[in-house]
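Here's a quick briefing to read alongside the model. Have the sequence and the 3D view open as you go.

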Amino acid sequence: MDIVLQLDHTTYSNLTAIKVPDVINAIINGNDYTTYFRQISDPLFQVTGGRLKKNERELLPHGRAKFLGRYNPMGPTHGPGFTQEYTNAVRIFS
């Protein structure tokens, strides 16, 4: 059976940081909140799932996978297809 990927479901390569308290205050006060969002893109971020550990200064995500297509609990050969590639890596962010 051929696997057909659904292009409307994908894991993106963006990392977004939001200053949530500042966004809330800006909305309450009717001010612009867009300056409280930052986003960068890198293929290293194109992963999902896994766990996130934190020490004093760093984030340590691990056990993640690049996932493309619609998830199907029966597997990629039953219904909507998907691909999944595990990173087998721990990436450290400060």
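This is a predicted model: local features need pLDDT of at least 70, side-chain atom pairs count only at pLDDT 80 or more; totals for chains, interfaces and linings use all residues.

Residues are numbered from 1 along each chain as its sequence is written, and side-chain values use heavy atoms, with hydrogens and water left out.

**The chain overall**

- The chain has one helix and six strands, running β-α-β-β-β-β-β from the N terminus. Helices (H or I, at least four residues) and strands (E, at least two) are DSSP runs, numbered from the N terminus.
- Of its 94 residues, 18% count as buried; buried means under 20% relative accessible area, exposed over 50%, and partly exposed in between (1.4 Å probe, protein chains only).
- Areas come from the Shrake-Rupley method with a 1.4 Å probe, and for residues only the protein chains shown count as cover.
- Take the contacts (heavy atoms within 4.5 Å) with a separation of 6 or more: 49% of them are between residues 24 or more positions apart.

**The nonpolar patch**

- Ile18, Val20, Ile24, Ile27, Ile28, Tyr33 and Phe37 make a nonpolar surface patch of about 670 Å².
- To be in a patch, a residue needs over 30% relative accessible area and no salt bridge; like charges are joined within 9 Å, and nonpolar side chains (Val, Leu, Ile, Met, Phe, Trp, Tyr) within 5 Å. A salt bridge puts a side-chain nitrogen of Lys or Arg within 4 Å of a carboxyl oxygen of Asp or Glu.
- Helix H1 (residues 20–28) gives the most to this patch, with four residues.
- Ile28 sits in H1 and counts as exposed because its relative accessibility is 63%.

**Strands S1 and S2**

- S1 (residues 14–18) pairs with S2 in the antiparallel sense over five bridges; pairing takes at least two DSSP bridges between two strands.
- Ala17 has Arg38 in S2 as its bridge partner.
- S2 lies largely in the open, because zero of its five residues are buried.

**Gln46**

- You'll find Gln46 in the loop between strand S2 (37–41) and strand S3 (51–54).
- Gln46 counts as buried because its relative accessible area is 18%.
- The Gln46 side chain reaches the backbone oxygen of Thr11 at 2.8 Å.
- Beyond its neighbours within four places in sequence, Gln46 is in contact with Thr10, Thr11, Tyr12, Ser13, Ala65, Lys66 and Leu68.

Definitions and conventions
A polar contact is a pair of N or O atoms within 3.5 Å; within protein, one must be able to donate a hydrogen and the other to accept it, and residues adjacent in sequence count only if both atoms are side-chain atoms.
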